[in-house]
Amino acid sequence: MFSTTSEYVWQNIAPRPRDAHKGTFGSVLAVAGSASYRGAAVLAVEGALRTGAGIVTLASVEPVLAAVAARLPECCLCPCAPGAESGISPENLDRIRRQKATVLLVGPGLGYTAQSAARAAETRALVEGLLPSFSGSAVLDADGLNAAADLLQAGKLVHPQGELILTPHPGEMARLTALSAAEINADREGAALHFAKAWNAVVVLKGAHTVIASPEGRCAVNPTGNPGLSRGGSGDVLSGMTSALLACGLPAFEAAVCAVWLHGAAADRAAALHGEAGMLPHDLFDALGALFAENGR
């Protein structure tokens, strides 16, 4: 186990080659958002774009696409027909599968049982239908994790052909494991390591001093960040950042460790400017840009 350092991060995130093009830095396909959770998709997509992905495509329903297009004209769009609770219908699976990408991000704002049982069933169908056929690596976050929890109970946890990263907070980890959040927090490193091996996935167990564990037994504890991240939307930013570093070519464990450190370091700068109570998840982006600029990235 080690504590992530800035040296570790900048050793893994290399300066961009002078002859680079957009294909050099991969492509992220985000399957995210619903009428109730448009901001989650916006934050995840901007997290991916601001962390260096060459191309980012959002597959979502029209109200979400409109919100993203108004803020981020750099994002490509894959319009999807709506299903239950104006979320993404599984009837769009073939259309989504046709999108070219090296990394798949599934989950932010998709909606689950808080909306309806029908919404939960459709989100499960999206996760179960997209991951096994995806040739690259994938990140599961938010409602993607809720779907994974139900699939695990049925013995159906699905993987892409590449690496898989799961990004649960303790409540989501409790649903994934059938342990209580208190049991998980009593041994965060042990829990992350155990289930990373059991699921053959990198586990990012979020919270104060986020733990990142690999199936091979590597474990990092993150020293950056502050309670200003304790609000909705912070995790969506992190999922996009993690996806981008995967797309740029980092292996899953290194991508997760570096994304978590950068996310926390940007939050520390945002808190210095806005205060922990006043900072918002979208304040991370300016701070993130300053970190990249100061380190020649």
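How many strands form the open sheet, and in what order do they stand? In this predicted model, 10 strands form an open sheet, and their order is β1-β10-β9-β8-β7-β6-β5-β2-β3-β4, with mixed pairing.

**View 1. The open sheet and its edges.** Strands of a sheet pair through backbone hydrogen bonds, either parallel or antiparallel. Here the pairing is mixed, and the edges of the sheet are taken by β1, residues 2–3, and β4, residues 76–79. Each of these two strands has a single partner strand, so one side of β1 and one side of β4 are left without a neighbour in the sheet.

**View 2. Strand β6 between β5 and β7.** In the order of the sheet, β6 stands between β7 and β5. Strand β5, which covers residues 103–106, pairs with β6 in the parallel sense over four bridges, and within this pairing L104 has A138 of β6 as its bridge partner. Towards the other neighbour, β6 (residues 137–140) and β7 (residues 164–166) also run parallel and are joined by three bridges, with V139 having I165 of β7 as its bridge partner.

**View 3. Helices α6 and α7.** Two packed helices are described by the angle between their axes and the distance between the axes. For helix α6 (residues 143–153) and helix α7 (residues 170–177), the axes come within 8 Å and cross at roughly 20°. Because angles under 35 degrees count as roughly parallel, α6 is described as roughly parallel to α7. The crossing in which α6 passes α7 is right-handed. On the side of α6 the contact is made by L145, N146, A148, A149, L152 and Q153, while α7 contributes E172, R175 and L176.

**View 4. Helices α2 and α12.** Helix α2, made of residues 38–50, packs against helix α12, made of residues 284–294, at an angle of about 10°, and their axes are 11 Å apart. That angle makes α2 roughly parallel to α12, and α2 passes α12 in a right-handed crossing. L43, E46, G47 and R50 of α2 meet F285, L288 and F292 of α12 in the contact. Four of the residues in this contact of α2 with α12 are nonpolar, one is polar and two are charged.

**View 5. T123 in helix α5.** T123 lies in helix α5, which covers residues 117–130. With a relative accessibility of 0%, T123 counts as buried, because the limit for this class is under 20%. When its neighbours within four places in sequence are left aside, T123 is in contact with L110, G111, Y112, D143 and A147.

**View 6. I55 in strand β3.** I55 belongs to strand β3, residues 55–60. The relative accessible area of I55 is 28%, and I55 is therefore partly exposed. Not counting residues up to four places away in sequence, I55 touches K22, G26, S27, V28 and C76. I55 and L29 are 26 residues apart in sequence, and their C-alpha atoms are 8.5 Å apart in space.

Note on methods:
Residues numbered from 1 in each chain as written. Predicted model: local features only at pLDDT ≥ 70, side-chain atom pairs only at ≥ 80, totals over all residues. Heavy atoms only, no water. Axes fitted to C-alpha atoms, helices over the stretch in contact; angles between N-to-C directions. Parallel < 35°, antiparallel > 145°, perpendicular 65-115°, else oblique. Left-handed = near helix turned anticlockwise from the far one by under 90°. Contact = heavy atoms within 4.5 Å. Nonpolar A, V, L, I, M, F, W, Y, C, P; charged D, E, K, R; others polar. Pairing = 2+ DSSP bridges. Buried < 20%, exposed > 50% of the residue type's maximum accessible area, 1.4 Å probe, protein only.
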